[in-house]
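This report describes a protein structure for a reader who is new to the subject. Please keep the sequence and the three-dimensional view at hand while reading.

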Amino acid sequence: MARKALEPAATPPEMIRNFCIIAHIDHGKSTLADRMLQLTGVVEQRAMRAQYLDRMDIERERGITIKSQAVRMPWELDGQTYALNMIDTPGHVDFTYEVSRSLAACEGAILLVDAAQGIEAQTLANLYLAMENDLEIIPVLNKIDLPAAQPEKYAAEIAGLIGADPDDVLKVSGKTGEGVEALLDKIVGTLPAPVGDADAPARAMIFDSVYDTYRGVVTYVRVVDGKLNPREKIAMMSTGATHELLEIGVSSPEPTATKGLGVGEVGYLITGVKDVRQSKVGDTVTNAAKPADKAIGGYSDPKPMVFSGLYPIDGSDYPLLRDALDKLKLNDAALVYEPETSAALGFGFRVGFLGMLHLEITRERLESEFDLDLISTLPNVVYQVTTDDGRVTEVTNPSEFPDGKIADITEPVVKSTILIPSEFIGAVMELCQNKRGNLLGMDYLSEERVEMRYTLPLAEIVFDFFDQLKSKTRGYASLDYEPAGEQSANLVKVDILLQGDKVDAFSSIVHREKAYGYGTMMATKLKDLIPRQQFEVPIQAAIGTRVIARENIRAIRKDVLAKCYGGDISRKRKLLEKQKEGKKRMKMVGSVEVPQEAFIAALSQGDEKPKDKK
Ligand SMILES: Nc1nc2c(ncn2[C@@H]2O[C@H](COP(=O)(O)OP(=O)(O)OP(=O)(O)O)[C@@H](O)[C@H]2O)c(=O)[nH]1
C-alpha cells in the first residue's frame with residue numbers, strides 16, 4: 001500500500017466520471033482498460049505489463065489487492081483535470097447481482113463490441129441491466145485494427161439496438177491505442193457527473209468486498225451522499241454492525257490513502273474485519289454517529305441457486321474439508337454449507353452456489369488450494385414442495401423430498417437471451433422446447449443475426465444446455481440468463497436401488513417425462529461400473545415404489561488366487577493384501593460392494609458435464 005502523503009479529500013462531483021465497461025468475453029475489455037491506464041499516466045509505460053488489472057500473481061506476491069475493482073485515472077480536457085473511475089464488472093451470469101451493483105455505482109457504461117464479431121448475448125444482457133440502471137451508454141467498436149473487422153456493419157447493428165446514429169459509435173483499438181484518447185474525451189464530455197447531497201449523513205454503496213490476507217476485508221464503495229472520513233466509526237445499514245475506518249483511499253491502481261471520500265467518489269475502505277459477510281455487496285455504509293435514515297435501494301442477500309453434496313474421497317479428510325470451507329467463506333459471501341451425511345458417501349457438506357461456474361470454481365479451489373480429493377453429488381436447484389396437508393418444504397437435496405402425497409412443486413426459472421445466426425433458429429427452438437422452454441420473443445439484430453428470448457427451468461440449463469447450444473449452432477450461439485421467479489412443474493424423485501437398497505447419492509429430482517431417461521441412464525452406467533459380486537445384483541430405478549428401469553449384474557465368484565498356481569506363497573499373500581486394500585475403498589450398499597470409483601464415475605456427468613459458458 002502506498003502511504004505517501006494523503007491525497008486531498010473529496011474531488012468535487014462535477015469533476016468526477018464513474019463508468020464501467022460492458023463487453024462479451026474476449027472482446028477486449030482488459031486490453032482497453034490497460035491502454036486507458038497507460039494513456040492517463042496511471043501506469044507508466046515502463047511498468048506496463050499486459051493486462052495489469054488481471055495480474056493475480058502479483059497480487060499474491062505482494063499480499064495486496066492490485067486487481068482493483070475500481071481504478072481512478074486523471075484525464076485532462078479543455079484545461080481541466082477530471083477524475084475518471086473505472087469500475088470492474090464480473091462477466092459471468094452466476095454473478096448477475098454483483099454486476100448490477102457495479103453498474104449501480106456508475107453513471108455511464110462503455111458498450112464494447114468486437115468489430116469482427118458483433119454483439120453477443122452477454123453484451124446484451126449487461127446492456128439491458130445498464131439501461132435499467134439509467135446509465136448513459138457510450139457505444140464502442142474495438143479491434144478495428146483486425147483485417148476481419150467490419151466496423152460499418154456492426155456500428156449499424158449497435159446503433160439499431162440502442163437507438164443511436166451509426167456515426168456516433170466510436171471505433172478504437174485497445175491494442176494499438178487508436179481512438180482511445182477520443183474515447184476518454186467522450187467519457188468526460190458525455191457522461192453525467194454524479195449528483196448527491198454533500199451535507200446529508202454519509203451513504204455509500206458497497207459494490208465489491210474482497211478478503212486480503214494481510215489487511216482483512218477491503219471494501220469498495222461508491223459514495224452517494226455526505227462524506228466518509230478516516231478514523232470515524234461507520235455502520236452497515238443492513239445489520240447495524242459498526243466498525244472503525246482504519247483506512248480509506250482510492251486505487252490508482254495502487255491503493256492510496258486519502259483524507260476521505262465525498263459525493264460521487266469511488267474508493268476502498270479498510271476496517272480490519274476478517275469476513276466478507278460483514279461487508280456485503282449491495283449494503284449501505286453510513287456514519288455510526290450520524291446515520292442516514294434510509295439505505296440505498298437494491299440490497300439483497302446472495303441467494304444460492306444450485307446445491308451439491310461435497311464429500312472427501314478419503315473420509316478422514318472431513319475436518320480438512322470443513323476448515324477449507326470455513327476459509328473460503330471469508331472471501332465469498334455467497335457460499336453456504338451445512339454438514340450432511342450420506343449412507344453411501346459418508347460425512348460431507350451440502351453446499352449452495354450461485355450457479356455452476358461458482359460451483360466449479362469452489363470445487364477447484366478446494367482441490368488445488370487445500371489439496372482435497374472430492375466427490376460431488378449431482379447438482380440440483382431449490383424446489384418448493386407442497387404436500388396434500390398444506391405443508392411446504394424447501395428441498396435443496398433429493399433426500400428431503402417429502403414422502404406424502406404432493407399437491408404442488410415449484411422450480412426456479414430463468415429468462416435467457418440467446419444470440420445466433422438466423423440459420424440456426426430451428427435448431428435452437430427444438431433444443432429449447434426439449435428443455436421445457438417458453439419462447440418470449442425474437443428480434444432480428446441484422447438480416448443474419450437473431451436474438452431469441454426464452455424462459456427456461458434453471459434445472460434444465462445448469463447442466464449441459466450451453467454445450468448443446470454450442471454444438472447445435474457450430475459454436476456461434478451465445479447465451480446469458482437471469483433469475484425470473486418460480487413455476488409449477490410436474491417433477492418426481494427418482495431413486496436408484498441396488499439389491500433393493502436405496503443409494504441416496506444417486507437420487508435425483510427430474511421432470512416426469514425425463515424420469516425414465518434418467519433411470520435407464522443410471523442403471524446402465526452402474527451396470528458397467530460395479531464389478532460382479534458373488535450373487536446377482538439387481539439395479540433398479542424407481543419413483544416411490546414403482547420401478548421404472550432395471551438392469552442386472554450377474555453373479556461371479558472372484559478368485560484372486562486363481563492365476564497363481566504353484567506354491568509362491570509370498571505372491572499369494574501380496575495379492576490377498578492388495579485385495580484387502582481394494583476392499584477399503586469399497587463402500588457397502590446393503591450387501592453390495594461398490595468401489596469408490598464407481599461413485600465418482602457415476603456422479604461425474606461425463607459428456608453432460610456442465611461447463612462454464614466461456
Ligand atoms: N487485434 C486486436 N486484438 C485485441 C484488441 N483488444 C484485445 N485484443 C485481443 O483479444 C483477446 C481478448 O482480449 P482481452 O482484453 O483479454 O479481453 P477481455 O474481454 O478482457 O477478456 P476476458 O478477460 O477473458 O473477459 C486477447 O488476445 C487480446 O490480445 C484489439 O484492439 N485488437
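In helix 12, Met 522, Lys 525, Leu 526 and Leu 529 meet Ala 598, Ala 601 and Ala 602 of helix 14. Two residues are in contact here if their C-beta atoms, placed from the backbone, lie within 7 Å. By class, this contact of helix 12 with helix 14 has 6 nonpolar, no polar and 1 charged residues. Ala, Val, Leu, Ile, Met, Phe, Trp, Tyr, Cys and Pro count as nonpolar, Asp, Glu, Lys and Arg as charged, and the others, Gly among them, as polar.

The model is a predicted one, in which local features need pLDDT of at least 70 and side-chain atom pairs count only at pLDDT 80 or more, while totals for chains, interfaces and linings use all residues. Residues are numbered from 1 along each chain as its sequence is written.

**Helix packing**

Two packed helices are described by the angle between their axes and the distance between the axes. Axes are lines fitted to C-alpha atoms, for helices over the stretch in contact, and angles run from 0 to 180 degrees between N-to-C directions. Helix 12 (residues 512-529) and helix 14 (residues 596-603) pack at about 150°, with axes 10 Å apart. Helix 12 is therefore roughly antiparallel to helix 14, a term for angles over 145 degrees.

Helix 1 (residues 29-39) and helix 6 (residues 180-190) cross at roughly 80°, and their axes come within 10 Å. These two helices are therefore roughly perpendicular to each other, the word used for angles of 65 to 115 degrees. Arg 35, Met 36 and Leu 39 of helix 1 make the contact with Val 180, Glu 181 and Leu 184 of helix 6. By class, it has 4 nonpolar, no polar and 2 charged residues.

**The protein overall**

The secondary structure comes to 14 helices and 33 strands. Helices (H or I, at least four residues) and strands (E, at least two) are DSSP runs, numbered from the N terminus. Of the 614 residues, 46% count as buried. A residue is buried if 20 or more other C-beta atoms lie within 10 Å of its own, exposed if 12 or fewer, and partly exposed in between.

The largest nonpolar core has 172 residues. Such a core is a set of buried Ala, Val, Leu, Ile, Met, Phe, Trp, Tyr and Cys residues joined through C-beta atoms within 7 Å. Ile 22 is one of the residues with the most contacts inside the core. Leaving aside neighbours within four places in sequence, the contacts of Ile 22 include Thr 89, Ala 109, Leu 111 and Ala 130.

**Individual residues**

Arg 350 is in strand 18 (residues 346-353). Because Arg 350 has 19 C-beta neighbours inside 10 Å, it counts as partly exposed. Among the residues that Arg 350 touches, not counting those up to four places away in sequence, are Phe 307, Tyr 337 and Glu 340.

| Residue | Phi | Loop between |
|---|---|---|
| Gln 499 | about 50° | strand 27 (491-498) and strand 28 (501-502) |

Asp 78 is exposed, with 8 other C-beta atoms within 10 Å, and Gln 499 is partly exposed, with 16.

The peptide bond from Ser 252 to Pro 253 is cis, with omega near -15°. Pro 253 lies in the loop between strand 12 (247-251) and strand 13 (255-258).

How values were computed: Parallel < 35°, antiparallel > 145°, perpendicular 65-115°, else oblique.
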